[in-house]
Amino acid sequence: DTGVENQPGEGGEVEKVIPSALLNNVANNVISQGTIDINSEGHGITVDASGAMVKITGGGNITVPQGNENNYYALKVDNGSVYMALSDAYGSSCTFGGSGDTEINGDLYVANTGSMNIGIKGEGNYLNGAIVNEGAGVAKLVLLNNAQWTNVSTNSKKGITSYLTNLGVNSGARIEQTADSGDIVIENYGG
């Protein structure tokens, strides 16, 4: 159990706080011009404030615990936005901001007014995990030049439907479905 228990509040309830390697819960920008390396005991990156942004221009590695009931996410965006290895939102102006590898081991989660924009480019670069979208969240994924997405939940729930607002795929990129994969729902596709 990696949660941190706070002291009881009003009414005697004890709140369990789930740790995150990088947390932005205020309306600030966190920008990394290089790559990141996160091996977390909880969530990888969490953004939860209107106007909050985390931008990692060079990609990197994010790994969170697998197969546990706490449902830790590599990226968790309730409100605000995350850009990883994309310098802009998906569309004609989409450009990769870095040449570093992007390796994500863990499910992605977006909800409420959250927006995630993930770019994965090149052989050996990947996302291993489902994309959980609850509510009005925006999930955008671009796979280029032999990058791979294996659509299997890394949490305790198998067969989760991955929901993408935008998916861009080309140049030999692959999406792998296994026996444990859920469906993929794509609102807008380009490639």
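How many of the seven residues of strand β11 are buried? Six of the seven residues of β11 (residues 115-121) are buried, so the strand is largely enclosed by the rest of the structure. Buried here means under 20% relative accessible area, exposed means over 50%, and partly exposed lies in between, using a 1.4 Å probe and protein chains only.

## The model

This is a predicted model, in which local features need pLDDT of at least 70, side-chain atom pairs count only at pLDDT 80 or more, and totals for chains, interfaces and linings use all residues. Residues are numbered from 1 along each chain as its sequence is written, and side-chain values use heavy atoms, with hydrogens and water left out.

## Overall make-up

The protein has 18 strands and zero helices. Both kinds of element are DSSP runs numbered from the N terminus: helices are H or I with at least four residues, and strands are E with at least two. Of the 191 residues in the protein, 47% are buried.

A contact means heavy atoms within 4.5 Å. Among contacts in the protein with a separation of 6 or more, 60% are between residues 24 or more positions apart. The accessible surface of the protein is about 8,600 Å², and carbon and sulfur atoms hold 44% of that surface. Accessible areas come from the Shrake-Rupley method with a 1.4 Å probe, and for residues only the protein chains shown count as cover.

## A six-stranded sheet

Six strands form an open sheet with parallel pairing, in the order β5-β7-β9-β12-β15-β17. The edges are β5 (36-39) and β17 (174-176); each has a single partner strand, so one side of each is left without a neighbour in the sheet. On average, neighbouring strands of this sheet are turned by 5° against each other, direction ignored. Such angles run from 0 to 180 degrees between N-to-C directions, with axes being lines fitted to C-alpha atoms, for helices over the stretch in contact.

Two strands pair if DSSP finds at least two bridges between them. Within the sheet, β7 (residues 60-63) and β9 (residues 102-105) run parallel and are joined by four bridges.

The loop between β6 (43-56) and β7 contains T57. T57 is buried, its relative accessible area being 9%. Its side chain reaches the backbone oxygen of Q33 at 3.1 Å.

## Strand β11 and its partners

Strand β8 (residues 75-84) pairs with β11 in the parallel sense over four bridges. With strand β14 (residues 138-144), β11 also pairs in the parallel sense, over seven bridges. The bridge partner of I118 in β14 is L141.

N117 is part of β11 and counts as buried, at 0% relative accessibility. N117 is the bridge partner of Y83. These two residues are 34 residues apart in sequence, and their C-alpha atoms are 4.8 Å apart in space. The N117 side chain also makes a polar contact with the side chain of S115 (3.5 Å). A polar contact is a pair of N or O atoms within 3.5 Å; within protein, one must be able to donate a hydrogen and the other to accept it, and residues adjacent in sequence count only if both atoms are side-chain atoms.

## The salt bridge

Side chains of opposite charge can pair when their charged atoms come close. A salt bridge is a side-chain nitrogen of Lys or Arg within 4 Å of a carboxyl oxygen of Asp or Glu. By this rule the count is one salt bridge. D78 forms a salt bridge with K76, with the closest N and O atoms 2.7 Å apart. Both D78 and K76 are buried.
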